[in-house]
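Please keep the sequence and the coordinates at hand while reading.

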Amino acid sequence: MERVGAWSKLILISIAIVVVWFFLFGIRLIGYFSAINERGLRATECGTQGCSDAVFFLNTAWTFSFFIVIPLIIPLVLVIYWSLKKKSS
């Protein structure tokens with residue numbers, strides 16, 4: 001019974017993280033994908049003057065990490081890690 005409570009707590013915290021992420025970053029990501037659909041990825045990332053391949057790659061990596069990795073994936077991994085660590089202790 002205690003194991004079910006731990007799993008439900010993990011799921012509820014994960015859902016809360018995803019909901020907060022969606023309202024803070026996910027809605028902006030919808031606009032970003034809309035701009036990509038209208039203009040293309042390179043024009044959205046580099047602007048009207050363009051950029052080199054290295055700058056394009058770094059801009060894309062920064063955007064991905066800023067919108068997805070840092071606010072969504074890292075907190076989910078930490079919550080799962082802490083819940084598994086607490087269970088094994």
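In which helix does Thr63 lie? In this model, which is predicted rather than determined by experiment, Thr63 belongs to helix H3, the element that spans residues 53-88.

## Thr63 and its surroundings

Thr63 has a relative accessibility of 9% and therefore counts as buried, since the cut-off for that class is under 20%. When neighbours within four places in sequence are left aside, the residues in contact with Thr63 are Tyr32 and Glu45.

## The nonpolar core

The largest nonpolar core holds 9 residues in all, namely Leu10, Ile17, Trp21, Phe25, Leu29, Phe67, Leu72, Leu76 and Val79. Two elements, H1 and H3, each give two or more residues to this core, and the largest share, 5 residues, is the contribution of H1. As a general background to such a grouping, nonpolar side chains in soluble globular proteins tend to be buried together.

Ile17 is placed in helix H1, which runs over residues 2-39, and because its relative accessibility is 18%, below the 20% limit, Ile17 counts as buried. Apart from residues up to four places away in sequence, Ile17 touches Leu72, Pro75, Leu76 and Val79. Trp21, with its neighbours within four places likewise set aside, is in contact with Gly26, Leu29, Phe67, Ile68, Pro71 and Leu72.

## Distances along helix H1

Although Arg3 and Lys87 are 84 residues apart along the chain, their C-alpha atoms are separated by 8.5 Å. For Ile17 and Gly40, which are 23 residues apart along the chain, the separation between C-alpha atoms is 30 Å.

Ala35 is also a residue of helix H1, and its relative accessible area of 14% makes it buried. From Ala35 to Gly47, a step of 12 residues in sequence, the distance in space is 11 Å, C-alpha to C-alpha. The contacts of Ala35, leaving aside neighbours within four places in sequence, are with Gly40 and Thr44.

## The disulfide

The structure holds 1 disulfide, formed by Cys46 and Cys51, whose sulfur atoms are 1.8 Å apart. In general terms, a disulfide is a covalent bond between the sulfur atoms of two cysteines.

Are the two partners buried or partly exposed? Cys46, with a relative accessible area of 16%, is buried, whereas Cys51, at 24% relative accessibility, counts as partly exposed. The two cysteines fall into separate classes because the limit for being buried is under 20%, with Cys46 at 16% and Cys51 at 24%.

## The largest pocket

The largest pocket has a volume of about 300 Å³. It is lined by 11 residues, of which Ala6, Lys9, Trp82, Ser83 and Lys86 are the closest to its centre.

Helices H1 and H3 each supply at least two residues of this lining, and H1 gives the most, with 6 residues. In terms of residue class, the lining of the largest pocket is made up of 5 nonpolar, 1 polar and 5 charged residues.

Note on methods:
Residues are numbered from 1 along each chain as its sequence is written. This is a predicted model: local features need pLDDT of at least 70, side-chain atom pairs count only at pLDDT 80 or more; totals for chains, interfaces and linings use all residues. Side-chain values use heavy atoms; hydrogens and water are left out. Helices (H or I, at least four residues) and strands (E, at least two) are DSSP runs, numbered from the N terminus. Buried means under 20% relative accessible area, exposed over 50%, partly exposed in between (1.4 Å probe, protein chains only). Contact means heavy atoms within 4.5 Å. A disulfide is a pair of cysteine sulfur atoms within 2.5 Å. On a 1 Å grid over the protein atoms alone, a cavity is a set of points where a 1.4 Å probe fits but cannot get out, and a pocket is an open set with protein on both sides within 12 Å along at least five of seven lines; lining residues have an atom within 4 Å of a point. Grid points are joined across faces, edges and corners, and a volume is the space filled by probe spheres set on the points. Ala, Val, Leu, Ile, Met, Phe, Trp, Tyr, Cys and Pro count as nonpolar, Asp, Glu, Lys and Arg as charged, and the others, Gly among them, as polar. A nonpolar core is a set of buried Ala, Val, Leu, Ile, Met, Phe, Trp, Tyr and Cys residues joined through side-chain atoms within 4.5 Å.
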